[in-house]
Amino acid sequence: MKLFDAHNHIHLGLHGLTPIITSSTRMHHPNATFAGAAIMSTHPRDYSAVESVVRELRERSYNAVPCYGVHPWFLNDVITDPEATRVLENGEELWLNELKERLQMHPDAIVGEIGLDGARWVEQDDGYRVNSVVDENIKKQSADKSIWDRKRTLACPMSLQKDAFIKQLLLAAELKRPVSIHVVRAWGELFDSLDEVREKMKQKHEMLRIHASKNSSGILEKQKNMRSKIKEVLLPPKIYFHAFSGKAGILPSLLSACAKGNIDPNSDVYFGFAPAIPNFYAPKTPSIMRQIGLHRLLLETDLEDASCAWEDLLRCLEGVAGALEVDVQEAADQTFKNAESSALALLLFITEGSNSTFAFSFSSSPKGDVLHNICESTQGLGHVAGTADVANSSRRSFLYSTAAAIFASTANCKLIAPKDPQYCQSNCEDYCSQPDRTDGLSGSVSSSGGETGILGTTTVVKGEDKPPQVKIPGLDFTSDKGRKLIGY
């Protein structure tokens, strides 16, 4: 059984990756194997460490997902840094622009760990720091106070946390990236943030529609009719609430808030519980896990020390299995399936070879049989995507850039679904009739959102209707062997 750690910080640990890979504790579950991890950054200073650990995991043939974002605990360091908050010519602060560029450089990355924390307190200095100079007498008086008399304040004011969280959440929604969210005693602020992001995304889509109508010489009547049927995704396409600390009563409201953003609460929203966090052992946790359901649960450790990660991953598995009253094999299979289908990255599981890189993302939808192969080689870029559920608005948005290439023409689609021409016809028409496409294909408003591939070096030329292509030695999706590989 494969175990995937959906949330950790082992790039910050002192022991490297070897402990989690070779841990002797596997004897408790001899058929359990470490499948990979999502490596969560906390601060811009550790982005390069995340990248390094992800690269090492992939070189060892493990699944690895890079995650970039600023954690609320360390947010104050960033927003009080004059250089990090310097406003660039594009109107963005340097730290946010750096995050955006990092995500654009890594199309396989998600946004995380970000969030809101109303319980991370620090003691106030009681005014002993005057003009950056410490007044030792006042400091001593403060230190002599009882712990109960000392003043405390949030490590970062909630208003600033909320502002940064909205910016990062909005970036994830705009780039159509999944997000891993940390929330502690800030659920009201979370709901407010989701509302604001939804409203901003609505405004953005409306502006795109207006721009498209002004710059289109003759929109077909069918396009106008399709416009009312399309529900734009107003939140990140997949949302993961890691180390969930909410009460059972908040779950319905939380799932409803996500649904308002046009993402499916049954297949696009996930939760995790980390053994390193005390609430994992709270009496209420098993019933909350049952209310969430096994189909929405992921395994996680939230650890920096890789020497403890495997043991905690097993403990998390056993906790989920016990709470849901299923055997560990079933819990392992379903949580791994959830990790695959939740697509904690746009290109989730990457295996590197000598000539090319393949990323596979499988759907857990009842329709199943969704296979996306995104192929990259040193000779160029090429993309193949096929899905039996593209009509689902959130999934279509999530696979927007990949679908743009493969559904560029019905001819391409027939290579993927030769047994179902009607499927190709309807899905191609559905996709192409969107009035605000930015894929660079005929009928689009621009090529700003054109398919670029993993390296992000080229895109389609507006109006040419030729998606980036590459011929990979020994791989032909039109051959019998190639069709079998993609399910036909």
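A residue counts as buried here when its relative accessible area is under 20%, and phenylalanine 244, with a relative accessible area of 1%, is therefore buried. The model under discussion is a predicted one, and the protein in it has 17 helices and 16 strands. Buried residues make up 52% of its 488 residues, and among the contacts with a separation of 6 or more, 71% are accounted for by residues 24 or more positions apart.

**Aromatic pairs around phenylalanine 244**

- The structure holds eight aromatic pairs, one of which is formed by tryptophan 187 and phenylalanine 244 in an edge-to-face arrangement, at 5.4 Å centre to centre and with 65° between the planes.
- Because tryptophan 187 lies in helix H7 (residues 187-214) and phenylalanine 244 in the loop between strand S10 (239-241) and helix H9 (251-259), this pair ties together parts that are 57 residues apart in sequence.
- Tryptophan 187 also counts as buried, at 13% relative accessibility.
- Phenylalanine 244 forms an edge-to-face aromatic pair with phenylalanine 271 as well, at 5.1 Å centre to centre and with 80° between the planes.
- Phenylalanine 271 belongs to strand S11 (residues 269-273) while phenylalanine 244 is in the loop between S10 and H9, so the pair ties together parts that are 27 residues apart in sequence; both phenylalanine 244 and phenylalanine 271 are buried.
- One aromatic cluster is formed by Trp187, Phe241, Phe244, Phe271 and Phe273.

**Nonpolar cores**

- The largest nonpolar core has 86 residues, and those with the most contacts inside it are Leu3, Ile181, Leu190, Phe241, Phe244 and Phe271.
- Helix H11 (306-324) contributes the largest share of this core, with 11 residues.
- Leucine 3, leaving aside its neighbours within four places in sequence, is in contact with Ala32, Thr33, Phe34, Ala35, Gly36, Leu299, Trp310, Leu313, Leu314, Leu317 and Ala332.

**Helix H2 and the residue after it**

- Helix H2 (residues 47-59) has 13 residues and reaches 19 Å from its first C-alpha to its last, which is close to the 18 Å expected at 1.5 Å a residue.
- The buried residues of H2 are Tyr47, Val50, Val53, Val54, Leu57 and Arg58, and because they fall within an arc of 135° when seen down the helix axis, they line one face of the helix.
- An α-helix has 3.6 residues a turn, so residues three or four places apart point the same way.
- Serine 61, which follows H2, has a positive phi, near 70°.

**Arginines over aromatic rings**

- Arginine 102 lies over the face of tyrosine 68, at 5.4 Å from the ring centre.
- Arginine 120 lies over the face of tryptophan 73, at 3.8 Å from the ring centre.

**Backbone features to inspect**

- A cis peptide bond, with omega of about 5°, joins glycine 112 and glutamate 113, and glutamate 113 is found in strand S4 (residues 110-117).
- Alanine 243 has a phi near 45°, a positive value in a residue other than glycine, and its place is in the loop between S10 and H9.
- At 11% relative accessibility, alanine 243 counts as buried.
- Aspartate 302, although it is not a glycine, has a positive phi of about 60°, and it is placed in the loop between strand S12 (297-299) and helix H11 (306-324).
- Aspartate 302 is buried, with a relative accessible area of 18%.

**The surroundings of alanine 84**

- Alanine 84 lies in the loop between helix H3 (75-79) and helix H4 (94-105), and it counts as buried, at 12% relative accessibility.
- Not counting residues up to four places away in sequence, alanine 84 touches Val78, Glu93, Leu94 and Trp95.
- The C-alpha atoms of alanine 84 and glutamate 98 are separated by 9.2 Å, and these two residues are 14 residues apart along the chain.

Terms used:
Residues numbered from 1 in each chain as written. Predicted model: local features only at pLDDT ≥ 70, side-chain atom pairs only at ≥ 80, totals over all residues. Heavy atoms only, no water. Phe/Tyr/Trp six-rings, centres within 6.5 Å; stacked < 30°, edge-to-face > 60°. Helix = DSSP H or I, 4+ residues; strand = E, 2+ residues; numbered from the N terminus. Buried < 20%, exposed > 50% of the residue type's maximum accessible area, 1.4 Å probe, protein only. Lys NZ or Arg CZ within 6 Å of the ring centre and 35° of its normal. Expected span 1.5 Å × (residues − 1). Arc of directions from axis to C-beta. Core = buried A, V, L, I, M, F, W, Y, C linked by side-chain atoms within 4.5 Å. Contact = heavy atoms within 4.5 Å.
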